[in-house]
Amino acid sequence: MNTWHRISITKRITLFAGVLAVLLSTLLVVTVMAAFHRYATDTLKNELSATGGHLIMHVERGEAFTSAVSQVDHKVQIVDSGGVVVASTPQLTARPVMAPFPTDGRKMFSSVVCGGAFKPGECNLVVAQEAQQGGRDWLVYVASPAIPMYVVPWVAATVVSVAAVLAAAVTFLAYRVVASSLRPVSRIQSELDRMSDLTLDRRVPVPHSRDEIHDLAETVNRTLARLQAAMAQQRHFTCDASHELRTPIAAIQAEVEDALYAPEETDVPTLGAKVLRSLRRLRVIVDDLLIIARLESERPVACEPTDLSELVAAEREWRNHTSAKTVEYRLEPGVMVMGDRAALSRLLANLVDNAERYAATTVALQVRRLPVGRHDPHRFPQGVAMLEVIDDGPGIAVDKRELVFQRFARLDTARDRNAGGTGLGLAIARQIAAVHGGTLHVEDAGKGARLVLRLPALCTRES
């Protein structure tokens, strides 16, 4: 089996077609030769029957049939009612009767007889017929050498030659068709071999035929396009991450260099506070990057029934003691989802952090359950658990609503940095929503920004 799989597809299909063609050609030869043999045998049988009928006329008329027998080209025996051979051709003189005549009432029968009245190993087609003379039954036997399966050599040679040519033609055509069909695959392979991570803008040739190889080429090109986009996004992300990390590192380096150049003017507590602030920013960025890496690894999240309203209530209670903004909420009790409680808490914290960063005075939270059918029934088969986070800040322009979910994206870089954002919070929030089978979007609001999270609701007895 391993040897078979090491053979190319073209050779495998050609070999299979060749073997099948040989088998079918052999079947054709056998069928045609059997038909020829049957026709030749029937013709000979009719000829023997006619010869026997001619002799029967002599027997029934009581005429001398000895001379008639000697004039026949076939082997003949005439047997009287007592079972005695009364006349025969010279080669059957003193030989027993060719074959016993059946007693089932038939007037004629035919059979191939080997040996017996004939030479050892010689087979003959025997036709026996009854004749009436003087009220008694006589038998007339006429025989001729049986026709072999090949009928005559030239017929067998012709049929076998035609079948061999047919098998060779089918095998050759199968090779040409397979080789022609797989030629685009070779071109696709060659193009892929020439590609590297720096030439992902190249595409494989798409054949004009509307077949599976055409579909394969289009699928490969779509995959290359996605891979190119992913590589571009990775490069962009690496560049942005390097830029974000470089800022606090540069700040730490500047403070330390100043302290080394003028140690007598350096205040250690002040230096430590500045360095610590930059280190904390580094820590936040690194933690966010690790969270994104874990989410992108597609590992299954730990799922447990979680009350979304309780998470929001706990977050609001904590914010009331730490936030300078007013946090309002309206919660529908018992809005249950299936998910990782810690991850959902991180998602909620990121959304509230973003809202607080841009809110003028107030952040509003709302949790409610929507029935099945209001949204995608395949994504939300038991209804929708919806969380809305609304701030009364400047809002987000319609054309920027997807941009805010990109990594390190900022609508106003200076404002975001001063507000303490890393540019990863909403990207992490959307990814957490995605791994829980939900969605996160910016939607219309009367004033400020309105972020809407939708998760598959968990069916409860009360609902």
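**A five-stranded open sheet and the setting of Ser88**

Five strands form an open sheet in the order β2-β1-β5-β4-β3, and their pairing is antiparallel. Strands β2 and β3 (108–114) stand at the edges. Each has a single partner strand, so one side of each is left without a neighbour in the sheet. From one strand to the next, the twist averages 20 degrees. The model is predicted.

Strands of a sheet pair through backbone hydrogen bonds, either parallel or antiparallel.

Helix α2 (residues 9–61) lies across β1 (75–79), β3, β4 and β5 (136–145). Relative to β4, helix α2 runs at about 30 degrees.

The relative accessibility of Ser88 is 23%. Ser88 therefore counts as partly exposed, because buried residues fall under 20% and exposed ones lie over 50%. Beyond neighbours within four places in sequence, Ser88 is in contact with Val69, Val76, Gln77 and Thr93. Leu289 lies 201 residues from Ser88 in sequence. In space, the two are 112 Å apart, C-alpha to C-alpha.

Technical notes. Residues numbered from 1 in each chain as written. Predicted model: local features only at pLDDT ≥ 70, side-chain atom pairs only at ≥ 80, totals over all residues. Heavy atoms only, no water. Buried < 20%, exposed > 50% of the residue type's maximum accessible area, 1.4 Å probe, protein only. Contact = heavy atoms within 4.5 Å. Pairing = 2+ DSSP bridges. Helix = DSSP H or I, 4+ residues; strand = E, 2+ residues; numbered from the N terminus. Axes fitted to C-alpha atoms, helices over the stretch in contact; angles between N-to-C directions.
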